[in-house]
Amino acid sequence: MIDHPLDNQARRPTATGSGWGRLACAATVALAMVVASPIWTGTIRGQEEAAPGVPGATDLLRATPFDRITLTDNAVILTEPISPRPLPPYDPKKDRSQDPRRPRGTTEGLIKIVGGDGSEPAADMARPKRTKGEADPIQFDSNNYLTVHLIQPPGETEVRDFKVRRFSVKSVEYFEDMLIAEADRLTREHQFARAFEHLLFVKARAPEWAGQGDALNRLLFAEGSEALLNGDFERGVRLLRELFERKKDYPGLEDKLATAYTQRALRALQLGLYPRGREVLHQLEVVAPTNVKYLAARSRYIDEATKRLEVAKASTGVARLDTAIDALRVWPELKEAQSLFGSAFAETPTLDVGVVDVPIPLGPWLRTHADARVSRLLYRPILNADDGDSLLGKPPGQLAEKFETTEVGRRLVIRLRSGGLWSDASRPVSSIDVVRTLIDRTDPNSPRYRARWADILERVEAPDESRVEVQFNRPPLRIASWFVGPVGPAHASEDGRIATTGSERAWVTDGPYLCSGSTADRLTLLAAEKSQSSGDPSSNTASPRIRRIREIRISDGAKAVSALIRGDVSLLENVPPSQLAGLKSNEDVQVGTYEKPFLHQIAFDGRNPALRNRSLKRALSYAIDRKGLLEGLILKQPTNDANLVSDGPLPRGSYADAPDVRPFEYNPMLAQMLLAAARKELGGLPISLKFEYPDTPEARAVAPVIAEAFRVVGEKSGFKVELIERRESELESELRGGRRFDLAYRVVNCDDAVVDLGPALCPGLDAPSTMDPLGSSSSPRILQLLLELERASEFPTAKGIATQIDRESRTELPILPLWQVERHYAWRTRLKGILPSSDRLYKNAETWEIAPWFARDPWTVKKP
Amino acid sequence: MTIPLRTLCLGLISVLLPMLQLGTAAAVAPEVSASPRPKATAIAPAAPASTPQPPAGPPERQPYRIEVHLAVDPETRLDTLRQAELVREWRTLITRFVGPPWDVSFRTTPSPLAGLSIESLTAERCEELGKAFDKVWIIRIGLEPSSGGFLIAGREYDVVTRRLGPVQSKRSVVDAELPRSLLGFSLELFNPVAVISGEEGGKALLTVRGAMLPPASPIGAVSAPGTVFIPLRITTSRDGKPLILRIPFTYLRVESITGAVARCEFVKGISDPLYKGWPRPFSFAAIGIKPGDTPVKLRFVTRKEKMEVPAAGYLVTTRDVPDGAPRDVGVTDRAGRIAIRPQFARGLVMVRLLAGSVEPLFDAPMMAGESTDERVIPVQLLPRAVTLETQLQALRDEVVDMVAIRARLEARMKARLDGEDWEGLAETLKEFQALGSREVPAGRLKSLKEQAQKEQVETKTPILTRTASAKVDELQALIDRYLDDDEYNAYVEALAQGKQGAVDQAKVKEKVSRKNNMAKKVAEEAKAAATPPPLPATPLPAAAPAQPSGSAEEKEATGAKPKPKDQRKKSTFPF
């Protein structure tokens with residue numbers, strides 16, 4: 001049955017010999033066939049066993065492609081892939097070799113040996129003689145014969161090309177089919193990745209091979225189902241959706257998808273993740289808009305929204321707005337809720353603000369950026385600013401009507417405006433409140449204590465309700481800067497709160513807003529009534545148009561920007577510099593700039609003896625690649641005039657900025673050497689420090705890299721740094737309170753060098769003496785200069801000292817200055833009246849307006 | 001002084017003057033084996049205190065007559081019986097361990113100081129107790145709130161010197177331990193008195209009262225090496241009233257004891273504590289002092305425009321006498337105050353106030369817990385000196401950085417030279433040159449010094465203080481030692497020679513190849529002429545190997561790699 005194309009050449013003389021010879025040859029072939037059958041099988045087995053990576057090996061992907069042919073006698077042979085693939089159907093009628101009338105030899109039908117050049121077979125003796133060179137048309141008919149090349153085990157050189165008669169072939173198992181079968185098997189065994197590889201192989205070999213599409217469908221269904229069972233919704237749904245796109249009517253697919261989607265949507269409903277739930281429902285709607293499960297889930301959403309709507313209808317004021325928003329948050333397309341929201345928002349315009357941190361705890365003091373941001377909304381200061389107009393009593397929002405200094409600045413007389421009421425309506429704001437505030441600042445047990453103030457204050461008196469007299473030990477410089485802070489109520493406790501009949505202690509304020517709730521992540525302010533906020537007759541300002549401000553803490557910069565883009569918040573306190581370009585390109589968003597730059601620095605605590613070591617501080621300074629970090633992690637663009645590496649504690653452009661200061665260098669080699677020296681100087685013990693940083697976007701990006709830089713240069717010296725992330729308000733208020741620390745990442749403003757330089761260089765400078773605040777300065781020299789600056793009574797002297805501090809800070813390193821960065825805020829265009837450039841966020845907040853808006857799903861919004 | 005002269009004089013005459021007359025001869029007086037007055041080992045606490053006999057014999061043989069004012073807090077739940085037993089056990093222990101030097105009596109009548117707290121006691125109030133005893137111990141036993149045990153607190157009042165000792169305290173965990181604790185407490189409370197009988201070899205000689213009385217055990221000795229005394233000047237005021245003046249910032253620390261004479265070293269913050277040029281008659285005495293448990297409260301002030309200004313923000317350090325390591329106590333607060341807590345001073349310490357962490361403004365010894373009162377110390381601030389030191393420190397940092405970078409570049413230059421990478425060497429030399437020469441910091445240092453000298457003369461205020469001068473010298477030494485340019489010059493020279501050598505070598509190579517070519521040509525011609533081929537000319541070596549020895553000229557001639565002139569061994573880094 002199998003003809004060896006080369007064997008016939010050698011056997012030809014025999015074949016063309018005498019009749020004995022021919023008989024002998026036939027007998028030999030017959031014997032060979034008798035023996036051959038098991039030999040073939042054995043050979044194949046031998047191939048399987050002996051040759052890994054060749055046909056028969058368990059891993060089809062690694063095997064040389066092959067086909068498996070089963071002959072009529074059930075012999076199985078492995079061949080190289082046959083061609084054409086698949087074989088055309090065999091038609092026995094066309095096979096003349098089966099014609100009973102056709103003369104045949106004794107061995108015909110078993111094996112036919114042909115020459116490699118297609119010469120006449122030697123064994124086929126029964127056939128009638130033909131003229132020389134005439135080919136047998138039956139032999140070369142592809143319907144009758146199949147040319148195969150046996151798989152040759154490695155190392156063997158025997159040529160094994162044969163022709164097989166089609167009628168002798170029982171079946172052909174193609175390699176592609178084997179791959180598909182293996183893929184199915186693997187699918188059943190949940191080895192989806194391997195199964196997919198097999199199918200991919202089929203696709204690569206024969207893109208149009210029949211059966212591979214079905215196998216892929218089976219795989220997708222099985223894998224998707226498995227993923228859903230394992231709780232991997234996203235993956236499961238993705239796979240099933242892929243299947244859906246391939247074959248919409250796959251049995252059970254729609255039901256499975258509907259089940260998965262609805263379960264997910266209902267879970268989102270339970271968790272309050274309404275936008276996500278609606279998105280899931282929308283995806284299901286595309287797949288199966290009439291599916292019962294989809295319709296049921298959708299109804300659940302609408303029912304939930306309707307339930308809230310009913311509550312909203314029954315509520316009034318702020319509660320009505322909040323519940324209407326709740327209803328819309330569940331199902332924004334609820335028409336009735338939309339109209340109710342419109343009317344409720346008109347009653348209580350609300351501004352949601354995304355902030356890095358809310359003030360914790362809230363009170364009449366300025367300890368953190370959050371305090372400074374919110375203070376003016378809640379409390380009126382004695383002076384609006386340290387400027388001439390404020391001293392003359394011109395700004396409407398301040399308490400002082402007149403501000404006079406006598407005795408060469410050692411005595412101060414403040415005349416207060418009358419008419420303002422405290423929010424509890426118990427009494428008007430009067431001199432006793434100012435006196436209490438000023439005296440509280442000298443009490444070390446008060447949270448309002450400020451050591452520098454306690455050092456200069458001699459006496460405070462209130463001769464009458466509208467007059468306050470202050471006597472100083474020495475004439476203070478920048479006297480007005482001490483009076484721009486908040487004034488708390490004298491009848492309340494130190495934190496500005498009073499006990500009420502309810503369980504909560506209410507804040508008593510006198511600003512345009514009052515606090516209605518403060519939690520760790522949220523602060524809610526409500527507009528005060530006109531009688532309170534504009535109590536002074538000189539004020540023409542009306543009650544704020546925005547009736548409610550909600551500050552929501554979003555410390556992650558990217559999330560905050562996303563919230564602004566989504567419309568969850570309408571104003572963002574801080575835009576990370578890296579996100580600025582993206583926001584500026586958004587037409588629904590506008591970006592504003594704070595007038596003063598923010599300085600980033602690392603503070604040292606001098607109470608830790610290691611941090612008074614000069615070599616250590618210098619090593620840490622050399623270890624920081626300031627420019628690289630600023631450009632690579634914060635700005636994500638080259639530095640410019642507004643965003644640049646600092647050369648000292650003062651920003652560029654400050655009146656006291658020393659001009660001739662060398663920039664800080666980055667030299668890790670020197671840092672390494674200095675750190676080794678520091679260890680030696682400190683007694684040879686390993687140095688271990690804690691590095692605390694606020695959870696602001698910039699600090700989060702940079703602090704771990706700085707810590708890693710410290711570790712790298714200190715590896716040989718055994719220097720260790722432990723990173724600790726802290727909430728910004730907590731960290732800053734603790735540092736200001738004099739808590740001990742090692743290294744702290746800080747972001748400070750240094751608007752006025754004379755006033756702000758002290759707290760910038762020594763965080764606990766205003767802390768009570770029990771905390772050893774002066775000891776917290778890591779440079780005794782700079783500390784002396786700061787104390788000298790405090791005592792300076794003339795501005796030129798103070799300016800000279802401030803400049804000297806800036807210059808000497810380069811070598812004394814009381815802190816590690818990093819860089820100065822321009823800070824930005826952003827708002828959605830529906831918020832009107834906000835200034836494009838301001839020194840504080842809520843400047844003129846009383847005049848702001850906001851249009852109603854709620855977030856709708858993008859697929860429901862008709863695009864113009 | 002409102003103290004009756006008669007009373008004080010009596011006290012002084014009866015106790016101190018005999019001691020002053022005693023001289024050193026008393027030190028070798030034979031020992032007396034028995035106590036001058038036998039003590040009752042068990043005196044009932046309810047029994048009235050025996051009136052002490054007037055002292056007899058030389059002072060070094062006189063015991064200390066001590067009256068104990070013991071008060072027990074009712075919260076301790078020690079009833080009268082237990083108190084009596086306690087006193088009895090305590091006395092037994094005193095007799096067993098101290099013996100003759102102490103003559104202890106217990107006051108049975110209520111003490112006039114009973115209503116006062118230990119801390120608020122004053123010497124004036126204690127004077128009311130009379131002069132029948134040499135010392136009065138005011139002791140309170142109360143509850144220790146933290147541990148729940150007993151807290152014994154008390155002070156000693158020395159009648160003769162009218163000094164109230166520091167507050168001492170001791171904890172006792174259980175009732176049964178109280179007698180032993182009281183003994184330990186008594187030993188801490190007791191301070192001997194002595195007469196400063198002279199000076200010898202820079203040491204003070206003290207004749208200690210009761211020193212010749214043999215103690216019952218070594219712990220009962222009235223003084224031992226390490227005991228600290230405060231020197232006192234006994235004199236009269238202009239109107240003839242007796243005065244006992246404490247010599248400030250001076251302590252006498254016992255080094256050795258021979259008989260009754262203790263040889264003490266001066267631990268002082270002033271130059272001549274036993275100043276002899278006193279305008280009125282005087283003599284010196286001393287009273288022992290032991291560290292107390294209360295913090296030393298100090299307030300540093302300075303005068304500015306006739307006003308007292310607190311010295312705020314200055315670092316205070318302490319150092320155990322004689323050779324302890326300095327420890328940072330803290331920084332003076334805005335009022336110039338600082339409290340030195342017991343953990344920073346367990347005994348006699350040198351307290352130092354530093355400006356800019358380096359310039360000492362005050363340096364004097366102090367005893368821990370010596371007084372509960374705040375001590376105001378005037379100091380002279382030296383802002384200009386501190387400014388100079390800051391500038392010197394900044395300059396030093398620059399020099400250190402320069403030295404470190406130079407060291408790195410020198411290592412690189414050496415590698416370039418060894419590898420004959422002339423271009424690399426030239427680049428590194430350029431980098432080295434960019435750092436600046438030693439003249440820059442040297443010039444700045446010189447200018448700083450000259451400016452300081454000039455300013456010092458003009459303003460007549462100390463600027464180049466001892467510390468500042470030392471810093472100038474140190475920095476100058478640093479520059480001289482580590483910032484010499486010899487090595488750099490040597491490398492420059494080596495580079496020039498190396499480049500020249502490379503050129504020479506190229507010329508030699510060219511010459512050699514020319515010669516070889518000629519030789520080949522000649523050989524070919526000779527071959528062509530069928531004559532025996534001539535011997536090839538010996539080729540010169542392409543590059544002469546460096547000679548291991550030989551003069552510099554020879555090396556130069558052979559193109560050997562030059563070495564820097566000065567490759568002396570230096571310490572790696574000036575830290």
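Chain B and chain A bury about 2400 Å² between them, with 54% of that on carbon and sulfur atoms. Keep in mind that this is a predicted model. In terms of who touches whom, 25 residues of chain B are in contact with 32 residues of chain A.

What about charges and polar groups? Across the interface of chain B and chain A, the rule finds seven salt bridges. Take B:Glu398, which pairs up with A:Arg662: the closest N and O atoms of this salt bridge are 3.9 Å apart. The cut-off for a salt bridge is 4 Å. There are also 12 residue pairs in polar contact between the two chains, both partners being at pLDDT 80 or more.

Now for the chain B side of things. Two or more residues each come from β17 (327–331) and α5 (383–418) of chain B. The top contributor is α5(B), which puts 12 residues on the side that touches chain A.

| Residue type on the side of chain B that touches chain A | Count |
|---|---|
| Nonpolar | 11 residues |
| Polar | seven residues |

Key
Residues numbered from 1 in each chain as written. Chains lettered and ligands numbered in written order. Predicted model: local features only at pLDDT ≥ 70, side-chain atom pairs only at ≥ 80, totals over all residues. Heavy atoms only, no water. Contact = heavy atoms within 4.5 Å. Buried area = accessible area lost by both parts, 1.4 Å probe. Salt bridge = Lys/Arg side-chain N within 4 Å of Asp/Glu carboxyl O. Polar contact = N/O pair within 3.5 Å; in protein donor to acceptor, adjacent residues only side chain to side chain. Helix = DSSP H or I, 4+ residues; strand = E, 2+ residues; numbered from the N terminus. Nonpolar A, V, L, I, M, F, W, Y, C, P; charged D, E, K, R; others polar.
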